[in-house]
Amino acid sequence: MSEDLEAVAEAAALAVRERPVGVVDRAVSVALWSAGLSWMIPVMGSMMAAAIVKESDQTDWLNRLYCRGQIALTGARWKAEVHPDIDPDRPYVFCQNHVNLLDHVTMYCATPHFKQGLELASHFEIPVYGWFMRQRGTIPVHKGRRDAFDKLKEGFAKEVAKGHSILAFPEGTRSRTGRVGKFRKGVFMAAAELGIPVVPVAVTGMYEILRPGSKLFRPGREVTVYCDAPIETEGLSAGDVPRLARQVQAVVSERVDRYWERRSRGE
C-alpha cells in the first residue's frame with residue numbers, strides 16, 4: 001500500500017466523520033433504531049426458543065432471516081463478492097474488519113457456512129443477549145486468564161469438529177477511523193495449530209451507516225462484503241503466525257483503503 005493511497009484513504013474517512021448532522025438525520029435514525037429493535041426482539045426470541053429443542057445449525061435459516069432483515073432495516077444496498085476458492089463444505093476462520101455492532105449481521109449471509117462467533121466471557125452475564133449467546137454456543141473469550149488461549153483453541157476445535165466455521169474480528173475492538181487496525185495474533189495462532197484455513201473478509205460502507213461511539217444511523221449506503229481467497233495454515237509453526245496475521249491484515253486493509261480512495265473521488 002503506497003503512502004499516497006493511505007493519505008487519500010485517511011482524508012476520505014475523516015471527511016465522513018466530520019459531516020454535520022441535521023434534524024432529518026436524527027429523525028431517520030430514531031425510526032431505524034425502532035424498526036431494528038422491533039425486528040430483533042421477536043426473531044431473536046424465536047431463535048432462543050428453537051435452541052432449546054434443536055442445535056443452532058439446524059435453525060440457521062432463522063439466523064439468516066434475522067441478518068437479512070437487520071441489514072434491510074439499515075437502508076443499505078448489500079452485496080457480497082466471494083472468491084471461487086471458498087468451499088461451501090469446508091470450515092474456515094473468517095477474519096473480518098470491525099467497525100460497528102452489526103458487523104456479524106453484515107457478513108453472515110455472504111457464504112452458506114454456519115459461523116460461530118467469539119464473545120468476551122463477561123458478556124455472557126448480560127440479560128437476554130448473554131443468554132442467547134450461550135444458547136447458540138458462542139465461543140467465550142476469557143480475557144486475562146492464563147488458560148485463555150487454550151480455552152479459545154478448545155472452542156475452535158469443538159466447532160470445526162461439527163463442520164462449523166468461525167467468525168472473528170482480529171482487531172479486537174471497533175475501528176474509530178473507518179480504516180483497519182492491527183490484527184492480534186490469538187485467532188491466527190489457534191487457526192495455525194488446528195490447521196484451519198483463514199479467509200480475509202473486508203466490509204466496506206458499514207462505517208458510514210453506524211460509526212462506533214455514535215447512535216446515528218445514516219441509511220442509503222452501499223455495503224459490500226469481500227471474502228478473499230482462503231489462506232492455508234496446515235504446517236505453519238508458531239513463528240509463522242505473525243506473518244500470517246500481517247498477510248490477512250494486508251488483504252483486508254487494501255480493500256478498505258481502496259474503498260476510501262474511490263469515495264474521495266466521489267464514486
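Which residues lie nearest the centre of the second largest pocket? The model is a predicted one, and in it the second largest pocket is lined by 19 residues, of which Gly-137, Thr-138, Ile-139, Lys-158 and Glu-159 lie nearest the centre.

**The second largest pocket**

The space in this pocket comes to about 330 Å³, and the elements that contribute two or more residues to its lining are α5, β4 (139-141) and α6 (148-161). The element that gives the most to the lining is α6, with 5 residues. Sorted by class, the lining of the second largest pocket holds 3 nonpolar, 8 polar and 8 charged residues.

**A residue of strand β4**

Pro-140 has its place in strand β4, and because its relative accessibility is 28%, Pro-140 counts as partly exposed. Although Pro-140 and Leu-120 are 20 residues apart in sequence, their C-alpha atoms are 5.5 Å apart in space. When neighbours within four places in sequence are left aside, Pro-140 is in contact with Glu-119, Ala-121 and Phe-124.

**Enclosed cavities**

| Cavity | Volume | Lining by class |
|---|---|---|
| Largest cavity | about 60 Å³ | 3 nonpolar, 3 polar and 1 charged residues |
| Second largest cavity | about 40 Å³ | 6 nonpolar, 4 polar and 1 charged residues |

The lining of the largest cavity is made up of Met-47, Ala-51, Ser-56, Thr-59, Asn-63, Phe-132 and Arg-136, and the elements that give two or more residues to this lining are α2 (23-53) and α5 (129-136). The second largest cavity has a lining that includes Asn-97, Val-99, Gly-178, Tyr-207, Glu-208 and Trp-260. At least two residues of that lining come from each of β6 (198-204), α8 (206-209) and α9 (241-264), and α9 gives the most, with 3 residues.

**Helix α2**

How far apart are the end C-alpha atoms of α2? They are 46 Å apart, which agrees with the 45 Å that the 31 residues of α2 should span at 1.5 Å a residue. Among the buried residues of α2 are Ser-29, Leu-32, Gly-36, Val-43 and Met-44, and Met-47 and Ala-51, which are buried as well, also belong to the lining of the largest cavity. The buried residues of this helix pack against α3 (60-72) and α5.

In soluble globular proteins, nonpolar side chains tend to be buried together. In this model the largest nonpolar core has 64 residues, and those with the most contacts inside it are Val-93, Phe-156, Phe-188, Val-201, Met-206, Cys-227 and Val-248. The element that gives the most to this core is α9, with 8 residues, and α9 also gives the most to the lining of the second largest cavity.

Which residues does Met-206 touch, not counting residues up to four places away in sequence? Met-206 touches Ile-71, Thr-74, Val-99, Asn-100, Leu-102, Asp-103, Thr-106 and Val-223. One of these, Val-99, is touched by Met-206 and is also among the residues that line the second largest cavity.

Conventions: Residues are numbered from 1 along each chain as its sequence is written. This is a predicted model: local features need pLDDT of at least 70, side-chain atom pairs count only at pLDDT 80 or more; totals for chains, interfaces and linings use all residues. Side-chain values use heavy atoms; hydrogens and water are left out. On a 1 Å grid over the protein atoms alone, a cavity is a set of points where a 1.4 Å probe fits but cannot get out, and a pocket is an open set with protein on both sides within 12 Å along at least five of seven lines; lining residues have an atom within 4 Å of a point. Grid points are joined across faces, edges and corners, and a volume is the space filled by probe spheres set on the points. Helices (H or I, at least four residues) and strands (E, at least two) are DSSP runs, numbered from the N terminus. Ala, Val, Leu, Ile, Met, Phe, Trp, Tyr, Cys and Pro count as nonpolar, Asp, Glu, Lys and Arg as charged, and the others, Gly among them, as polar. A nonpolar core is a set of buried Ala, Val, Leu, Ile, Met, Phe, Trp, Tyr and Cys residues joined through side-chain atoms within 4.5 Å. Buried means under 20% relative accessible area, exposed over 50%, partly exposed in between (1.4 Å probe, protein chains only). Contact means heavy atoms within 4.5 Å. The expected span of a helix is 1.5 Å times one less than its number of residues.
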